[in-house]
Amino acid sequence: DLALWDLKGKVFGKPVYELIGGQTYDDLPCYMTGNDPDWAIELGFQGVKLACPYGPYDGLDGLRKNVDLVRETRELIGPNREMLLDCWMALDVEYTVRLAQELRPFKMAWLEECLPAEDIGGHITLRERLTWQTLATGEHWFTPYPFQFAAERHLVDIVQPDIAWVGGMTAMLRIYALAEAAGVTFIPHVGANDPYGQHACYGLPGIRWAEWSSPVPPGVPLAEMNPYPGMATPVDGRLKPSDAPGFGVDLDPASLAGFLHQ
């Protein structure tokens, strides 16, 4: 699907974001995922998403350590940057409710992927018990159908499809339409990490920021970790995708020489 969108852009001589609606920002604000918030601040990101290191089987000690991590991060980044927590399907309903209550003073922008993706009943119960906490999920939902179910019932506040996993740009457009009709926020998973997500985030209205999630060691420029020739990387926490036709990936045939001879 992504290859066909890239081809369509090349045929019409337009970047893909122009094909799906057109530029919606001068440049797109980004947040950074990773447990090096000081590095994220230095790079100019206006939001930090932490990976939650402890879960239900770590007991009270683990719960306290999660709270300590969030407290220390809030003290570091101050009150004017957003803070998010990615739980990566590792929690259950009871633990999530308790964790959310403990973290309430720190003004979390959202809690993400608290439950296993397939636990739809758990998502229903969690929404009933956490009416005040913004919840996000969806990177491990595949095809538009789980998003339709969740959006119609407002099980989550933010849906996060991954363009490479959910079915490409065509599926993203369908999910975006479902979310928009239901009044649910649409923020793609790792939307700034590859040219495909960048064009989706840049060309669809209402996506207020994009996620940059990359194992970049502190001190290493983001551009050095970029695996896509021609792809933009955030500068001062903001991103402007390539305006070259298609997705703007400029593959140098010479770079394939080593693979072709194997």
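Helix 4, which spans residues 59–77, packs with helix 5, residues 93–103, at an angle of about 40°, and their axes are 10 Å apart. The model described here is a predicted one. Angles under 35 degrees count as roughly parallel, so helix 4 is oblique to helix 5. Helix 4 passes helix 5 in a right-handed crossing.

The residues that form this contact can be picked out on both sides. Helix 4 contributes L60, G62, L63, N66, V67 and V70. Sorted by class, the contact of helix 4 with helix 5 has 7 nonpolar residues, 2 polar ones and 2 charged ones.

Helix 5 also packs with helix 6. Here the angle is about 30°, with the axes of helix 5 and helix 6 10 Å apart. Because angles under 35 degrees count as roughly parallel, helix 5 and helix 6 are described as roughly parallel to each other. Their crossing is right-handed.

In this second contact, helix 5 uses V93, E94, T96 and V97. The residues they meet in helix 6 are G122, T125, L126 and R129. By class, the contact of helix 5 with helix 6 has 3 nonpolar, 3 polar and 2 charged residues.

Rolling a probe the size of a water molecule over the atoms shows where empty space is left. With a threshold of 30 Å³ or more, the count comes to 1 cavity. The largest cavity holds about 60 Å³ of space.

Which residues line the largest cavity? The lining consists of L111, E113, C114, L115, H123, L126, L135, A136, T137, L155 and V156. Two elements, helix 6 (120–129) and strand 5 (135–137), each give two or more residues to this lining. Strand 5 gives the most, with 3 residues. By class, the lining of the largest cavity has 8 nonpolar, 2 polar and 1 charged residues.

One residue links the last two parts of this account. L126 in helix 6 takes part in the contact with helix 5, and L126 is also among the residues that line the largest cavity.

Conventions: Residues are numbered from 1 along each chain as its sequence is written. This is a predicted model: local features need pLDDT of at least 70, side-chain atom pairs count only at pLDDT 80 or more; totals for chains, interfaces and linings use all residues. Side-chain values use heavy atoms; hydrogens and water are left out. Axes are lines fitted to C-alpha atoms, for helices over the stretch in contact, and angles run from 0 to 180 degrees between N-to-C directions. Helices (H or I, at least four residues) and strands (E, at least two) are DSSP runs, numbered from the N terminus. Angles under 35 degrees count as roughly parallel, over 145 as roughly antiparallel, 65 to 115 as roughly perpendicular and the rest as oblique. A crossing is left-handed if the near helix is turned anticlockwise from the far one by less than a right angle, and right-handed if clockwise. Contact means heavy atoms within 4.5 Å. Ala, Val, Leu, Ile, Met, Phe, Trp, Tyr, Cys and Pro count as nonpolar, Asp, Glu, Lys and Arg as charged, and the others, Gly among them, as polar. On a 1 Å grid over the protein atoms alone, a cavity is a set of points where a 1.4 Å probe fits but cannot get out, and a pocket is an open set with protein on both sides within 12 Å along at least five of seven lines; lining residues have an atom within 4 Å of a point. Grid points are joined across faces, edges and corners, and a volume is the space filled by probe spheres set on the points.
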